[in-house]
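Hi there,

Here is the structure I promised to pass on. Have a look at it first, and then read my notes below.

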Amino acid sequence: KALYGLKQAPRAWHMKLDEDLASYGFSASDADPSLYIYTDNNGERLWLLVYVDDLILVGRPGPTLNNMAAKLEVLLDARALGEPTSFLGMKTNYDRENKTISIGHEWMTRELVAKFGLEEGNARVIPMTPATKLTGEGELLDVSIYPYSQLVGGLLYLSVASRPDIAYSVGALARYMSKPTMQHWQAAKGLVRYLSGTVAYNITFGGGENASLLGYCDADYAGDLDTRRSTTGYVFVLNGGAVSWSSKRQQTVAASTTEAEYMAAAAAVKEGLWLRKLMCDLDMDNGTIKIMADNQSAIKLLRNPISSVRSKHIDVMHHFARERVQRNEVAFHYITTNDMLADMLTKPVSEAKHKLCCKGMGLI
């Protein structure tokens, strides 16, 4: 595929973008309203991804792609930038010899590290040590001196855009934005020290890796010491790189490990079904989504109609997730905890496990 980066001129944003693009044959994706799809009379397709005034046009090299790029320049008062090397702060690297594409936020990471004066500090090998237990108790932080919210805010964008390796740590720190303590500030600075040693980390796709979408889901039972809620973590990998991930504290307290893992599985099913729908729009029919889990009890609940006493929210998720398994839309398979890539999205892990997870998500 060839890509064109386009930049809209600084003017009022089109409020009738759907209508304008429809006049050129584009239709919005059902999975993502910011993705527009064009199909010509010969069946050749183009994809236009829009984020405010930044656009990327994707298609097979040839006159169809070139002509549409020229038309969009006129329609949207945009200027073509050629093959995109940067999009939304993400640097894109193409290695055609090895058939890989890498994305990352190296310059943004360097700026963040330098902003807080930690570029010369000792780099850490993991974002947060397994011994770290964050709580709401402790010496309150003077936020007029220590810009905690500013630091965590900068880390949040990195964690959702190209750095799944810090997603858990940032999520845990963000829980204390209203009343941070010195412990939280020290943990945040430790995370920046980790970034100072990994500024060049990119998610790399391709290189002969499996082109099928593969998911991993996990949960850390009662890991939050303040609320005793569990943490859900999942990641989906395509062509050797992570394309979607989440680390989020569960909304209710789980009564058992099985319940916590089951809620994590339900969250992964929702994301997997959405990705399946999106991939169809990208002409990438993946069939049944394969999701790996490391809890045998949760897998048995998903595969078998077992009756048990459950609260309403578990009952609803039970029927939703099991229905999708029975429809063969998703399939759960057992994997050992040692091989679970989503482990680092639920809690701090050891250096060896952190490296394994990073490698499995294409972070190199």
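Which residues lie nearest the centre of the largest pocket? They are L49, I103, F205, V243 and L282, and the lining has 45 residues. (On a 1 Å grid over the protein atoms alone, a pocket is an open set of points where a 1.4 Å probe fits, with protein on both sides within 12 Å along at least five of seven lines; lining residues have an atom within 4 Å of a point.) The lining divides into 32 nonpolar, 6 polar and 7 charged residues. Here Ala, Val, Leu, Ile, Met, Phe, Trp, Tyr, Cys and Pro count as nonpolar, Asp, Glu, Lys and Arg as charged, and the others, Gly among them, as polar.

Please keep in mind that this is a predicted model: local features need pLDDT of at least 70, side-chain atom pairs count only at pLDDT 80 or more, and totals for chains, interfaces and linings use all residues. Residues are numbered from 1 along each chain, and side-chain values use heavy atoms, without hydrogens and water.

Now to the helices (DSSP runs of H or I, at least four residues, numbered from the N terminus). The axes of helix 4 and helix 6 (residues 182-196) come within 11 Å and cross at roughly 40°. (Axes are lines fitted to C-alpha atoms over the stretch in contact, and angles run from 0 to 180 degrees between N-to-C directions; contact means heavy atoms within 4.5 Å.) Helix 4 also packs with helix 5 (residues 167-174), at about 145° with the axes 9 Å apart. There, Y148, V152, L155, L156 and S159 of helix 4 meet A167, V170, L173 and A174 of helix 5. This contact has 8 nonpolar residues, 1 polar and no charged.

Enjoy exploring!

Terms used
Helix = DSSP H or I, 4+ residues; strand = E, 2+ residues; numbered from the N terminus.
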